[in-house]
Amino acid sequence: MIPAEFDYVAPESLDAALAALREGGEDAKLLAGGHSLLPLMKLRLAAPTLLVDLRRVPGLTGIDRSDGSLRIGAMTRHHDVATGDLGLASQAAATIADQQVRNRGTIGGTLAHGDPASDLPAVLLALEGSVVVRGDGGEREIAADDLFQDYLTTAVADGEIVTEVRLPSDAGWGAGYEKFNRRVEDWAMVAVCAVVRKAPDGSCADVRIGLTNMGSTPLRATASEEALRGGALDAGAIAAAAEHADAGTDPPADLNASADYKRHLARVLCRRALEEAAASA
Ligand SMILES: Cc1cc2nc3c(=O)[nH]c(=O)nc-3n(C[C@H](O)[C@H](O)[C@H](O)COP(=O)(O)OP(=O)(O)OC[C@H]3O[C@@H](n4cnc5c(N)ncnc54)[C@H](O)[C@@H]3O)c2cc1C
């Protein structure tokens, strides 16, 4: 439970943080809330030689709304997302662990870390959001679809810093979030988020569904989306579409649930999340 020795710096600008990362080389790591990185270091599953703490870097916190779309600073805490009245993102962030974790963990940290059991990665996918990163080569935007590459592996390169999370306007969309765990503060055994937009005749104009802990990355339930999009949005159509929620997934069995049980959960939670989203659309 004691991490290997490491150096620590707390730069006061983004440029200084980028320089520290560059000088630290491949064994330098960014520190945000520390609630994923520090446990890994204590278990000696990670042994960075330098931690570059982002807490003193100005301009990385806060939530900015314009035209309904959101720009959330990477160092914004889960608590502020949970209580910020941000629709689906707030719903999901409110279920992260307990208040202590939500007070420390950050949206940039959870998205850069890319744990498929975390709540916000699948939300970013379903909302078709993106992250903005800064590196020595300048700034680039990475769409959610391109961000999550493999287990704990994202498209954020070594030497890059996530500075902002962008979520498009959710005006006209209904949303639902369903998370299954044994205790309220636990990680998701499985979670499903859904957003639905209704056509004027009440049918399903568009739908997007995100899956948590159903593979090595967060996933979209594309077969369920295709079954529902453009058709009826009643209880029967939702139930039929939800039966496809586990198509193309590869959920890991763990101490809490077998792969088959997770598949069952995905179907049940998908139906509930879609019902919730349709009712609020
Ligand atoms: C007991 C416990 C229970 C938890 N339960 C849940 C849960 O139910 N749901 C959930 O979603 N999460 C859960 N978490 C994880 C928590 O949400 C973490 O805060 C989150 O995963 C990582 O965010 P962080 O800010 O702590 O990142 P850190 O731990 O500081 O960093 C994580 C990784 O991301 C990198 N990183 C951090 N910030 C940036 C950045 N701006 N740019 C580039 N790379 C960056 C770091 O170098 C590191 O590799 C839990 C954690 C604990 C300790």
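In this predicted model, the count of cavities of 30 Å³ or more comes to one. A cavity here is a space where a 1.4 Å probe fits but cannot get out.

The residues that line the largest cavity are Ala89, Ile107, Leu111, Leu120, Val123, Leu124, Val165 and Leu167. By class, this lining has eight nonpolar residues, no polar ones and no charged ones. Three elements, α6, α7 (119-126) and β10, each give at least two residues to the lining of the cavity. The largest share comes from α7, with three residues.

From the cavity we turn to the pockets, which are open. The largest pocket contains about 1,200 Å³ of space. It is lined by 49 residues, and the closest to its centre are Lys29, Leu30, Gly109, Ala112 and His113. The lining of this pocket divides into 23 nonpolar, 16 polar and ten charged residues.

At least two lining residues come from each of α1 (14-24), β2, α2 (37-42), α6, β9 (153-154) and β10. Among these, α6 gives the most, with five residues. Both α6 and β10 also supply at least two residues each to the lining of the cavity.

What sits in the largest pocket? The ligand does. Around the ligand there are 29 residues, and the closest are Leu30, Gly34, Ser36, Thr106 and Asp119. Leu30 is also among the residues closest to the centre of the pocket. By class, the shell around the ligand has 13 nonpolar, eleven polar and five charged residues.

Which elements supply at least two residues each to this shell? They are β2 (28-31), α6 (107-113) and β10 (161-167). As with the lining of the pocket, α6 gives the most to the shell, here with four residues.

A polar side-chain atom of Ser36 is 2.7 Å from an oxygen atom of the ligand. A polar backbone atom of Gly33 lies 2.8 Å from an oxygen atom of the ligand. At Val162, a backbone N or O atom is 2.8 Å from a nitrogen atom of the ligand. Each of these pairs counts as a polar contact because the cut-off is 3.5 Å between N or O atoms. On its own the ligand has 970 Å² of accessible area, and the protein covers 89% of that.

Technical notes. Residues are numbered from 1 along each chain as its sequence is written. This is a predicted model: local features need pLDDT of at least 70, side-chain atom pairs count only at pLDDT 80 or more; totals for chains, interfaces and linings use all residues. Side-chain values use heavy atoms; hydrogens and water are left out. A residue is near a molecule or strand if one of its heavy atoms lies within 4 Å of it. A polar contact is a pair of N or O atoms within 3.5 Å; within protein, one must be able to donate a hydrogen and the other to accept it, and residues adjacent in sequence count only if both atoms are side-chain atoms. Accessible areas come from the Shrake-Rupley method with a 1.4 Å probe; for residues, only the protein chains shown count as cover. On a 1 Å grid over the protein atoms alone, a cavity is a set of points where a 1.4 Å probe fits but cannot get out, and a pocket is an open set with protein on both sides within 12 Å along at least five of seven lines; lining residues have an atom within 4 Å of a point. A molecule sits in a cavity or pocket if more than half of its atoms lie within 2 Å of its grid points. Ala, Val, Leu, Ile, Met, Phe, Trp, Tyr, Cys and Pro count as nonpolar, Asp, Glu, Lys and Arg as charged, and the others, Gly among them, as polar. Grid points are joined across faces, edges and corners, and a volume is the space filled by probe spheres set on the points.
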